[in-house]
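Subject: Structure for you to look at

Hello,

Here is the structure I promised to pass on. Please open it first, then read the notes below.

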Amino acid sequence: VSAVASPYGPRAEAGPPGLAAKLLGFCEELRSEGVAVGTSEILDAFAALEQVPWESRDDFREALSATIAKSQEDRRLFELLFERWFFRAAEAEAIEREVGEGEQRHEGAERLDIDDLREQIRQAILDGDDDAMRDLARLAIAAFGRQGEGSGVVGVDVQRIRRTLELSAGTQPQQGEATDGAAERPPIDRDQLNRFERHLRRELERDLIERTETLPPSRPLAELDRALPTSPTQDLAAVHRAVSQMKRRLATLGHEQRGRRKAQAVDVRRTLRASLETGGVPMHLRYRPKRPRRPEIYVLCDVSTSVTSASVFFLSVLHALHDSFRKLRSFVFIERISEVTEIFEHERDFREIARRVSSEGGVADVSGYTDYGRVWLEFLTEISDDLDPRSTVIVLGDARTNGREPHAEVFAQVAERAGRLFWLNPEPKLYWNYGDSVMAAYERHCDGAFECWTTRHLENFVNVVAGGVPAAD
Amino acid sequence: MAETQAPASVAETKEALAAASYLADESAALVSFLAQRLGKPILVEGPAGVGKTELAKALSRASGRALIRLQCYEGLDEAKALYEWNYRKQLLRIQAGGESGWEDVHGDIFSDEFLLARPLMQAIASPEPVVLLIDEIDKTDQEFEAMLLELLSDFQITIPELGQVSASSMPIVVLTSNNSRELTEALKRRCLYLWLDYPDLEREMEIVRLHAPDLSETLTRRLVEVVRMVRDLDLKKPPSIAETIDWARTLLLMGAEDIDRETFEQSMSIIVKHRTDIDLVAERVGMRLSAPTQAG
């Protein structure tokens, strides 16, 4: 077998033929997308495949995914790659061997009765019968897709065929057009229609590949836009993921060592059981393990204009934090500080939260410029009594004081009272302390200051907090 | 290890589960089938209330095995999950056998007789094959997960004083997780993974029909449609399948003919249980129901 680049992008080595090689190649590709596929998983996959019939595509896929893709994120990548890999593997084979269905493929298309086809498709969709849907999709393409109207863009053709078939979700078909009994036909569920559209899309792609005899180039999948999310809902999931990891780390780290030994409670049960070694005389005391205390978190978030683009991101971080921590109080500030815990607790919809924070926060006085000094003063007076060594304070802001008094000594007091204090700055480190940024004055008092404008930075922050190594950028 | 008769095909597993009144979808049936054939634990993840725990119960009913359940919580330790020495009995033994030598007593008190088996131990030691359900594994700490590893891969437990205890029959192990934290790679590696999600319209209707057969067809459809509408909202706690069934039964008791705005508001608290959620649902769904031409 030659290692000549195939027409469908780089495929390193064709390797020996057979399923094992294909499957290994597939796992290799999953790994390159960041799914942790271990040797034991591959062995399991082979073991599982021995148990299921291969002619069923669903069983084959499920058996693989149950043994290989073990989280929801992995599952998503798996689905995407599975389609691409196994579908293309078959098509690539066909091109290499110059196997084509030729005219046979659409045999019988002329004899089709359109109304009949519509009815059959509708029925197949309602029954959720995948095999029938696939066959009918091919017929539909033959009937409507090949009459010189094909646009060449798969997505467009799918919609055109769908319209021609008068399929739409949730509504009744038009009465005049359709055959008898139309009135009682149940509406089509959106999910089911999507399923049919997927079949259409696949068959159209197959068609396209057969005509052009090349496969579309394969691209790596995981190139998600990880920069500052412009649309919050889009990246909310990623932020939530990072924060849920942070939750665990904050919950279990750092605090165990605090407190005095004499405060430990004797575990009577274990002490007595241990006494068996000394003939029933309790000679060694056993203590209850210290459970890490639940952290109390205070988050202060700058929402001024200088961080407008970042505050969307920060608000989504806050949103995610509120999902994870019960004892969380959040504040937003510009010139003054205002507690918004209520809003986050009672509102789920992110856009609504953003609206209410801006309308009810009441944080801007006159100028709309951040006044960090005043914010610390207010924060300290408002909640100084609640701050104690087990509280964690997280500040999200750019430390640009607009030339006003930074009151670093007040900030130092906050840092002293709180157990830990972290600063997340939405500006690259390079810009810190330039212009009116007084980051250095505050940084001295922080347990850590981090640049943070992408979810990746957020993950990094979580890692560092957990005592791990910061990920290289 | 005595291999009990594993099902011969996926379809057979599915039927057996259905006979145990659990309508499994394709992947749930396939993973259950594989778990029995390969002798591997199943890790079930998914949102709350999609029937993760129920799957284990159904597997137990379908295979005629006893169900042993370990409910996880923060601070669960091996003394409560694995085994513990029965120290009262041990003390008695020491005092009763005053004349025998220390060596005898020492060898004696750390024997089977003085062992209190906790759920995991019970599952391993049981002479009959069982289904072991480890519920909400994500509630425990990572140390506990590590402790499970030996059990999950080799079905054995090592007790320092006694040595290894191996399973005499292969248990079906089901672990559930609400995904409140990432589980360790090591644990995942040993399991088959099953993601359960809310069922689609048709399947949920079948489930409701199974549990509330007296509800009329149109009302069942309407009910499931409304529940799905509610789930689409961004709620703190979306309604579970169990709550759908409860609601269906409530409607039966109320003798409702159709779900109009009034019925909905009266019985809404069955599927929505959070104050802020109730407001949201009343506003978004309740309003829509009031529309006059909405006959299912």
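Two strands pair if DSSP finds at least two bridges between them. Helices (H or I, at least four residues) and strands (E, at least two) are DSSP runs, numbered from the N terminus. This is a predicted model: local features need pLDDT of at least 70, side-chain atom pairs count only at pLDDT 80 or more, and totals for chains, interfaces and linings use all residues. Residues are numbered from 1 along each chain as its sequence is written, chains are lettered from A and ligands numbered from 1 in the order in which they are written, and side-chain values use heavy atoms, with hydrogens and water left out.

Strand β1 of chain A

Start with β1(A). It pairs in parallel with β2(A), residues 328-333, over 6 bridges. There, Tyr298(A) has Arg329(A) as its bridge partner. Another 6 bridges join β1(A) to β4(A), residues 391-396, also parallel. In β4(A), Val395(A) is the bridge partner of Leu300(A).

Buried means under 20% relative accessible area, exposed over 50%, partly exposed in between (1.4 Å probe, protein chains only).

Where the chains meet

Contact means heavy atoms within 4.5 Å. By that rule, 43 residues of chain B touch 36 residues of chain A. Buried area is the accessible area (1.4 Å probe) that two parts lose on being put together, summed over both. For chains B and A this is about 3600 Å², 54% of it on carbon and sulfur atoms. Tyr87(B), Arg189(B) and Tyr193(B) supply 17% of the area that chain B buries against chain A, more than any other three residues.

A salt bridge is a side-chain nitrogen of Lys or Arg within 4 Å of a carboxyl oxygen of Asp or Glu. There are 4 between chain B and chain A. One of them joins Glu84(B) and Arg269(A), at 3.5 Å from N to O.

Salt bridges within the chains

Over all chains, the whole structure holds 28 salt bridges. In chain A, Arg404(A) meets Glu335(A) at 3.4 Å, N to O. They are 69 residues apart, Arg404(A) in the loop between β4 and α15 (408-417), Glu335(A) in the loop between β2 and β3 (337-339). Arg404(A) is partly exposed at 26%. Glu335(A) is buried at 4%.

In chain B, Asp135(B) and Arg69(B) form a salt bridge, with the closest N and O atoms 2.7 Å apart. Asp135(B) lies in β5(B), residues 130-135, and Arg69(B) in β2(B), residues 66-71, so the pair ties together parts that are 66 residues apart in sequence. Asp135(B) is buried, at 3% relative accessible area. Arg69(B) is partly exposed, at 38%.

Chain B overall

Chain B has 14 helices and 9 strands. Of its 296 residues, 50% count as buried. Among contacts in chain B with a separation of 6 or more, 73% are between residues 24 or more positions apart.

Best wishes
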